[in-house]
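Visitor: I'd like a quick tour of this one. Can we start with the overall fold and then go to the annotated sites?
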Amino acid sequence: MVERANRPSNLSAPKASAPGPQVDIVGQGGSQKVVATLPSGESVEVLLFGATVTSWKSNGGKTENLWLSEKADLTGSKAVRGGVPVVFPVFGPPPKSGHATSSLPQHGFARSSRWEFLGKSDTEDALDSDSVKLDFGLDRSGLSEDARKAWPLDFGLVYSVTLSKESLQTVITVRNEGEESFEFQFLLHTYFKIQDISKVSVTGLSGTEYVDKVLDATTHQQKDNAIKFTGEVDRVYKAIPQDTTSILEDGKPRFDVIRDNVKDTVTWNPWIEKAKAMGDFSPDDGYKNMVCVEVGAVDGWQKLEKGEVWEGGMLVKSLL
Ligand code: TA6
């Protein structure tokens with residue numbers, strides 16, 4: 001045998017590629033959802049109705065990170081109470097009149113329209129079994145007749161949900177498919193699951209201006225670094241300089257919510273009375289186990305000319 005330098009070592013049979021993420025479409029009609037599970041057990045569930053993430057489990061699948069009302073409608077007949085409802089093209093009650101969104105329902109139509117599952121898109125490294133990216137699409141053709149009449153504009157949305165071992169990334173791409181420009185707002189109305197609201201604080205918003213909807217929508221400055229919850233909280237923080245807002249439990253970091261091309265964030269807890277008043281909010285004392293930290297572009301409007309595209313979203317790290 002000829003001795004050669006750098007003789008190739010024995011070529012071992014290529015390693016059988018590690019099992020990749022499992023992606024299934026489950027259920028029928030309005031209850032149809034996409035379930036993706038990593039080989040290590042983490043999972044995400046996305047209801048096609050609203051492209052609503054209804055479950056995100058990290059920590060090998062042992063930790064559910066999202067709160068979902070026990071009376072959440074998961075049949076596609078109304079927006080889901082919990083998980084991550086997608087708010088588009090308007091946040092909150094639309095302008096009373098004279099605006100393209102004025103005839104839309106609160107929080108717009110995206111969270112109560114049937115989205116199309118576009119598929120599991122290839123990650124950079126197809127053998128990457130530590131993450132999976134799911135794409136969902138919505139355009140005019142997917143809207144109800146009422147929504148099409150209320151907002152007669154041509155648009156295309158692609159919403160990507162990427163599950164990794166310790167994080168969930170959700171990003172929307174908005175395209176103006178029509179001839180005329182339009183403006184919109186966008187927000188991810190995320191209901192985080194927590195153990196005890198009395199031990200929760202939200203940090204990373206100090207020095208930011210906010211509109212307090214509990215105090216007649218008056219404007220305030222966030223002085224303390226930590227927001228605590230001892231009653232109803234409904235605040236719209238605007239033009240936040242830093243990218244990350246954190247949720248702590250008992251002083252320990254539980255979630256980092258990282259804004260991606262959006263500058264605003266809503267913090268909301270309905271507390272006792274408002275929780276009781278919502279028919280699909282259950283149990284009544286469920287407010288103790290949830291906090292909404294909702295990133296978005298809701299201060300003013302994003303404007304798109306014909307053919308223009310806008311992208312924004314969030315990356316959430318579960319720190320448990
Ligand atoms: O994001 C907070 C908020 O705007 C609150 O004012 C409250 O209305 C909440 O959204 C829930 O709205 P919904 O239309 O889902 O009942």
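Guide: Start with the contacts. Among those between residues at least 6 apart in sequence, 64% join residues at least 24 apart. Contact means heavy atoms within 4.5 Å.

Visitor: What are the ground rules here?
Guide: This is a predicted model: local features need pLDDT of at least 70, side-chain atom pairs count only at pLDDT 80 or more, and totals for chains, interfaces and linings use all residues. Residues are numbered from 1 along each chain as its sequence is written, and side-chain values use heavy atoms, with hydrogens and water left out.

Visitor: How many helices and strands?
Guide: The chain has two helices and 22 strands. These are DSSP runs numbered from the N terminus: helices are H or I with at least four residues, strands are E with at least two.

Visitor: And how much of the chain is buried?
Guide: Buried residues make up 51% of the 320 residues. Buried means under 20% relative accessible area, exposed means over 50%, and partly exposed is in between (1.4 Å probe, protein chains only).

Visitor: What does the C-alpha trace span?
Guide: About 90 × 50 × 40 Å along its principal axes.

Visitor: Now the sites. Where does UniProt put the "active site"?
Guide: The unreviewed UniProt entry places that feature at His189 and Glu294. The two are spread over 106 residues of sequence, yet they cluster in space, with a largest C-alpha distance of 4.8 Å. Both His189 and Glu294 are in the lining of the largest pocket. UniProt positions follow the numbering used here, feature names are shortened, and annotations may be inferred rather than shown by experiment.

Visitor: What counts as a pocket?
Guide: On a 1 Å grid over the protein atoms alone, a pocket is an open set of points with protein on both sides within 12 Å along at least five of seven lines; lining residues have an atom within 4 Å of a point.

Visitor: Which elements hold the pair?
Guide: His189 is in the loop between strand 11 (182-188) and strand 12 (191-193). Glu294 is in strand 21 (residues 290-304).

Visitor: Is His189 buried or exposed?
Guide: His189 is buried, at 7% relative accessible area. Setting aside neighbours within four places in sequence, His189 contacts residues including His107, Trp268, Cys292 and Glu294.

Visitor: What links the Glu294 and His189 side chains?
Guide: A polar contact, at 3.4 Å. That term means a pair of N or O atoms within 3.5 Å; within protein, one must be able to donate a hydrogen and the other to accept it, and residues adjacent in sequence count only if both atoms are side-chain atoms.

Visitor: Switching topic. Where is the "binding site" feature?
Guide: The unreviewed UniProt entry puts it at Arg81, Gln106 and Arg111. They are spread over 31 residues of sequence but cluster in space, with a largest C-alpha distance of 13.8 Å. The lining of the largest pocket takes in Arg81, Gln106 and Arg111.

Visitor: Where does Gln106 sit?
Guide: Gln106 is in the loop between strand 6 (86-87) and strand 7 (116-121). Arg111 is also placed in the loop between strand 6 and strand 7.

Visitor: How accessible are they?
Guide: Gln106 counts as partly exposed at 42% relative accessibility. Arg111 counts as buried at 16%.

Visitor: How far is the backbone oxygen of Gln106 from a polar atom of the Arg111 side chain?
Guide: It lies 3.4 Å away.

Key. 1 Å grid on protein atoms, 1.4 Å probe; cavity = no way out; pocket = protein on both sides within 12 Å on 5 of 7 lines; lining within 4 Å.
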